[in-house]
Amino acid sequence: MNKSQKAAIWDAVHRERLALAEDLEGLDQTQWDTPSLSEGWSVHDLLAHLIDAAKTTRSGFAWRMAQARFDFDADNEIGVQRERREVSQDTLAEWRRVAHYTATPPAPLSSRLVEAFVHGEDIRRPLGIAADYPIDHVVTALKLQRGTSVKMGGGKEIAQGRRLVATDADLDVGQGPQMRARSIDLLMMVSGRA
């Protein structure tokens, strides 16, 4: 991946983070407590997870995983507790503060797109908020998810045996029963969402 491609990915991630912050401005406490599509986490919890992920560096990730005995779920829960403020507006202020960070765990850079889009939808869909995403970056995220094992946070096994056809992009991949949908919906499906 060249410098210009990296810059384009970070630009899309930063734009999405700020767009999500705008969408969450003015939520009432009931909305903050709404269950997200990430099982077991409210909208508030998931935003805390996103803050934690935005701050995670490659070296920090290795240290944290060792502390969590290499249990991804345990590490995620610790991160949510660390970053979730008592007052939801304080969590949102912290999200705005880290929106332009370029830290990343040891994963392909396009995994930042997966995180931004999938978790953005995990928050927006239960709240009834619609969003537009840059289709080319959604397709990049979808291709990464399709090739990454579920054990590593991807959806390779979910996509296996299915032909994915995007109705809003030039994407027709895989073999098997056809799944036709918008790119964002295919990305959500491959990421394990209904």
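H1, H3 and H7 each supply at least two residues of the lining of the largest cavity. The model is predicted, and its chain has 10 helices and three strands. A search of the whole structure finds one cavity of 30 Å³ or more, while the largest pocket holds about 1300 Å³ of space.

**Cavity**

- The space in the largest cavity comes to about 70 Å³.
- Its lining consists of Val13, Glu16, Arg17, Leu20, Leu50, Ala54, Trp95, Arg112, Glu115, Ala116 and Gly120.
- Sorted by class, six of the lining residues of the largest cavity are nonpolar, one is polar and four are charged.
- Trp95, one of the lining residues of the cavity, is also among the buried residues of helix H6.

**Largest pocket**

- The lining of the largest pocket is made up of 38 residues, and those nearest its centre are His49, Asn76, His119, Met152 and Gly153.
- Two or more lining residues come from each of helix H3 (43–55), helix H4 (58–67), helix H5 (72–83), helix H7 (111–127) and helix H8 (135–147).
- H7 gives the largest share of this lining, with six residues.
- The lining of the largest pocket contains 16 nonpolar, 12 polar and 10 charged residues.

**Overall fold**

- In sequence order, the elements of the chain follow the pattern α-α-α-α-α-α-α-α-α-β-β-β-α.
- The radius of gyration of the chain is 16 Å, which agrees with the value near 16 Å for a compact globule of 194 residues.
- The C-alpha trace spans about 45 × 35 × 35 Å along its principal axes.
- Buried residues make up 47% of the 194 residues of the chain.
- Among contacts in the chain with a separation of 6 or more, 65% join residues 24 or more positions apart.

**Helix H6**

- Helix H6 covers residues 88–98, and its buried residues are Ser88, Thr91, Leu92, Glu94, Trp95 and Val98.
- The helices against which the buried residues of H6 pack are helix H1 (3–24), H2, H3 and H5.

**Asp45**

- Asp45 is placed in helix H3.
- The relative accessible area of Asp45 is 14%, under the 20% limit, so Asp45 counts as buried.
- Setting aside residues up to four places away in sequence, Asp45 touches Gly40, Val80 and Arg84.
- Between Asp45 and Gln160 there are 31 Å in space, C-alpha to C-alpha, and the two are 115 residues apart in sequence.

**Ser38**

- Ser38 sits in the loop between helix H2 (29–32) and H3.
- Ser38 counts as buried because its relative accessibility is 8%, where the limit for buried is under 20%.
- Apart from neighbours within four places in sequence, Ser38 is in contact with Leu46, His119, Asp122 and Arg193.
- His119, one of these contacts of Ser38, is also among the residues that lie nearest the centre of the largest pocket.

Definitions and conventions
Residues numbered from 1 in each chain as written. Predicted model: local features only at pLDDT ≥ 70, side-chain atom pairs only at ≥ 80, totals over all residues. Heavy atoms only, no water. 1 Å grid on protein atoms, 1.4 Å probe; cavity = no way out; pocket = protein on both sides within 12 Å on 5 of 7 lines; lining within 4 Å. Points joined across faces, edges and corners; volume = space filled by probe spheres on them. Helix = DSSP H or I, 4+ residues; strand = E, 2+ residues; numbered from the N terminus. Nonpolar A, V, L, I, M, F, W, Y, C, P; charged D, E, K, R; others polar. Buried < 20%, exposed > 50% of the residue type's maximum accessible area, 1.4 Å probe, protein only. Contact = heavy atoms within 4.5 Å. Rg over C-alpha atoms; globule rule 2.2 N^0.38 Å.
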